[in-house]
Amino acid sequence: MPRPIVQFFLLWQPYKSRVLRIVLRHPINMETSANADTTSDWENYFKSPFLDMLKCCVSDVFLNRRGGVIKIKDWRTSAPFHLRESCDRVTLCIPYCGSPIQWEVLFDYRNPSLPPDVVFKPGQSHFSPNIEKLYVLSKWNSSNPTMLTVLLKQLLNEFSLYNLEVVSKHPRLQFELKTFEESGNYNDIEVFCVAGEDDNDEIECIYFIPLSLDFCGLPKLNPSLKYEVALMVRLSSSNVTSAQTSIYISPNMQK
């Protein structure tokens, strides 16, 4: 028997209290399309309202932040074989802190008017968003294509607050963050903490520090696109004296 997978679901249930629960389940075999990042591929596997919401996500300026691009992969369906007309679940790769975070979005083909469940990948298992701050859930309207985009933005805000909270529990990591902030030279710093399943496990913290640079002198840059260069610093809670640094260059500058 396949090894069970522990996944974290956000369940939006109308007329009932909305709760975060842990679901222990075995892998389910589903018909999955070939992975691809191009819009022309995944669009062929979805129908409205799911298709309209996903289109809105991939074109949103905020989700395509840091010069990165939100990507769609692993689209699949939960419907029985004889009802498989389109997909109702997908993995979104969202730019965050210089690298993509992967969240599964699970719609329900039987109830397309309901909000989707969201599954957070390993390394984010302690992330428990404040449901009351996800205001879009109380006014979900599946005929509005921006609904999923708004939900993801609110989740990202909660995710950012969660990472700052993790840093605050480690004095040395918090000290490094305050040092950057109080220098006055850096704004809009993002933090991403990768934690183990145990509260006592080591924390790897990534500081994403945008650098203010003038790109006007560079040739062939599209003025309608956002370009970014940032300093990335990696620190471990168990060994903060050994830092790994690298320079992030947004993908649209590398082409």
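Select strands β4 and β5 (residues 99-106): eight bridges join them, and the two run antiparallel. Strands here are DSSP runs of E with at least two residues, helices are runs of H or I with at least four residues, and both are numbered from the N terminus; two strands pair if DSSP finds at least two bridges between them. The model is predicted, so local features need pLDDT of at least 70 and side-chain atom pairs count only at pLDDT 80 or more, while totals for chains, interfaces and linings use all residues. Residues are numbered from 1 along each chain as its sequence is written, and side-chain values use heavy atoms, with hydrogens and water left out.

Within this pair, find Leu92, which stands opposite Trp103 in β5. Next, select the turn: β4 and β5 form a hairpin with two residues between them, and Cys97 in the turn has a positive phi of about 55 degrees.

Lys73 has Thr91 of β4 as its bridge partner.

Colour β4 (residues 89-96) by burial. Is this strand enclosed or open? Eight of its eight residues are buried, so β4 is largely enclosed by the rest of the structure. Buried means under 20% relative accessible area, exposed over 50%, and partly exposed in between (1.4 Å probe, protein chains only). In a regular strand the side chains alternate between the two faces of the sheet. In β4, Arg89, Thr91, Cys93 and Pro95 point one way, and Val90, Leu92, Ile94 and Tyr96 point the other way.

Move to Asp108, in the loop between β5 and β6 (117-120). A polar atom of the Asp108 side chain lies 2.9 Å from the backbone nitrogen of Arg110. Apart from neighbours within four places in sequence, Asp108 is in contact (heavy atoms within 4.5 Å) with Phe50 and Asp88.

Then select Phe46, Trp103, Leu148 and Tyr207, which touch the most other members of the largest nonpolar core, a set of 58 residues. Such a core consists of buried Ala, Val, Leu, Ile, Met, Phe, Trp, Tyr and Cys residues joined through side-chain atoms within 4.5 Å. Helix α3 (residues 147-168) gives the most to this core, with 10 residues. Not counting residues up to four places away in sequence, Leu148 touches Met53, Leu54, Cys57, Val105, Phe107, Pro116 and Trp140.

Finally, display the whole protein, with its five helices and 10 strands. Buried residues make up 44% of the 255 residues.

How values were computed
Polar contact = N/O pair within 3.5 Å; in protein donor to acceptor, adjacent residues only side chain to side chain.
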